[in-house]
Amino acid sequence: SELQAASGAQTEAGVVIGSHRPRFKGGALKIRDLSMAYGELEVLKGVDLDIAPGTVTCIIGPSGSGKSTLLRCLNRLVEPKRGEILLDGESILAMKPESLRRRVGMVFQHFNLFPDHTALENVMLSLTKIKKMPKREARQIAKTRLGEVGLAGRSDHRPAGLSGGQQQRVAIARALAMNPEVVLFDEVTSALDPELVKGVLDLMANLGSQGMTMAVVTHEMGFARKVADQVVFMDEGRIIEAGKPQEIFDNPRSERLQRFLAEVL
Ligand code: ADP
Ligand code: MG
């Protein structure tokens, strides 16, 4: 079946539909009174947010509103000043770093792949380094994950030999390899050439429909409307509105959201 995954059965979006589905589990996030400052600059001002397991939450808002900082707090790339974050009932702020790296995956705008390693090695590295998995086992999992994102035939390529869309799919495969409970996506299509955006968004939509818990910062309003279970609008470090896509896009209540949508839609 490894061979099958490598040889075909891929959809247009490059996603293998079949027996190699990742096992998605858990991922309930409960964020309370989360505040964060860079020095004197208060960037998050008491954020409360619930993300239900197996749902997709899209976070929208103007540049500088604190969206990336919120995601960074969720995997502790930065430390909040105040507040609590629970992942399936456990405090993220008290979690061991290795545990956090396994349980919360993140995908960035600029891929952050290791340039001197192949696609396969990039996916293997977190497994061998963080999970201390033997190389043979890590290689099997990495191959499977690359197949799932439609890159079975590109395992031996270095990032420079891949398109931006393919590099981003390697980064997604790398995040999935750890079997995380939740995956954070920070503007992952913003650096891509327009014709490569759809493939990555389709892959993300597919993961969402398979029950992966996802928090997605995005400017892709079409994606948010179609895929999100919940849309969160942030401005100046606060959540101004949160709700179903229809509520947010068709019936925005606050003037700030109305103004934002008028600018981006
Ligand atoms: P968004 O992702 O919504 O554009 P960010 O979370 O990146 O917003 O940034 C929120 C605010 O924090 C902005 O004013 C930004 O300039 C500032 N900021 C972000 N990162 C840093 C940093 N490392 N040091 C100082 N200020 C930062
Ligand atoms: Mg940002």
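## Helices H5 and H6

Helices H5 and H6 pass each other in a right-handed crossing. This is a predicted model, and in it the axes of H5 (residues 135-148) and H6 (residues 164-177) come within 9 Å, crossing at roughly 130 degrees. H5 is therefore oblique to H6.

On the H5 side, the residues that make this contact are Ile141, Ala142, Arg145, Leu146 and Glu148, and on the H6 side they are Ala173, Leu176 and Ala177. Sorted by class, the contact of H5 with H6 comprises six nonpolar and two charged residues, with no polar ones.

## Helices H4 and H5

H5 also packs against helix H4 (residues 119-129), at an angle of about 125 degrees and with the two axes 8 Å apart. H4 is therefore oblique to H5. The crossing of H4 with H5 is right-handed.

H4 contributes Ala119, Leu120, Val123, Met124, Leu127 and Thr128 to the contact, while H5 contributes Lys135, Ala138, Arg139, Ile141, Ala142, Lys143, Arg145 and Leu146. By class, nine of the residues in the contact of H4 with H5 are nonpolar, one is polar and four are charged. Ile141, Ala142, Arg145 and Leu146 of H5 take part in the contact with H4, and these residues of H5 also belong to the contact with H6.

## Helices H6 and H7

H6 packs in turn against helix H7 (residues 194-209), with an angle of about 20 degrees between them and their axes 8 Å apart. H6 and H7 are therefore roughly parallel to each other. H6 passes H7 in a right-handed crossing.

The residues in contact are Gly164, Gly165, Gln168, Arg169 and Ile172 from H6, together with Leu196, Gly199, Val200 and Leu203 from H7. By class, the contact of H6 with H7 holds four nonpolar, four polar and one charged residues.

## The surroundings of ligand 1

Which residues surround ligand 1? They are Tyr38, Leu41, Val43, Gly61, Ser63, Gly64, Ser65, Gly66, Lys67, Ser68 and Thr69. By class, this shell has three nonpolar, seven polar and one charged residues.

Strand E2 (41-51) and helix H2 (67-74) each supply at least two residues of the shell around ligand 1. H2 gives the most, with three residues.

## Confidence of the prediction

The predictor assigns the complex an ipTM of 0.99 and a pTM of 0.92. The pLDDT of the protein chain averages 92, and 91% of the residues score at least 70. Over residues 1-14, however, the pLDDT is below 50, and this stretch has 26 contacts in the model beyond near neighbours in sequence.

Residues 16-22 likewise have a pLDDT under 50, and the model has 16 contacts for them beyond four places in sequence. Where pLDDT is low, the predicted coordinates should not be read in detail.

Methods
Residues are numbered from 1 along each chain as its sequence is written. Chains are lettered from A and ligands numbered from 1 in the order in which they are written. This is a predicted model: local features need pLDDT of at least 70, side-chain atom pairs count only at pLDDT 80 or more; totals for chains, interfaces and linings use all residues. A residue is near a molecule or strand if its C-beta atom, placed from the backbone, lies within 6 Å of it. Helices (H or I, at least four residues) and strands (E, at least two) are DSSP runs, numbered from the N terminus. Ala, Val, Leu, Ile, Met, Phe, Trp, Tyr, Cys and Pro count as nonpolar, Asp, Glu, Lys and Arg as charged, and the others, Gly among them, as polar. Axes are lines fitted to C-alpha atoms, for helices over the stretch in contact, and angles run from 0 to 180 degrees between N-to-C directions. Angles under 35 degrees count as roughly parallel, over 145 as roughly antiparallel, 65 to 115 as roughly perpendicular and the rest as oblique. A crossing is left-handed if the near helix is turned anticlockwise from the far one by less than a right angle, and right-handed if clockwise. Two residues are in contact if their C-beta atoms, placed from the backbone, lie within 7 Å. pLDDT is the predictor's confidence in each residue, from 0 to 100.
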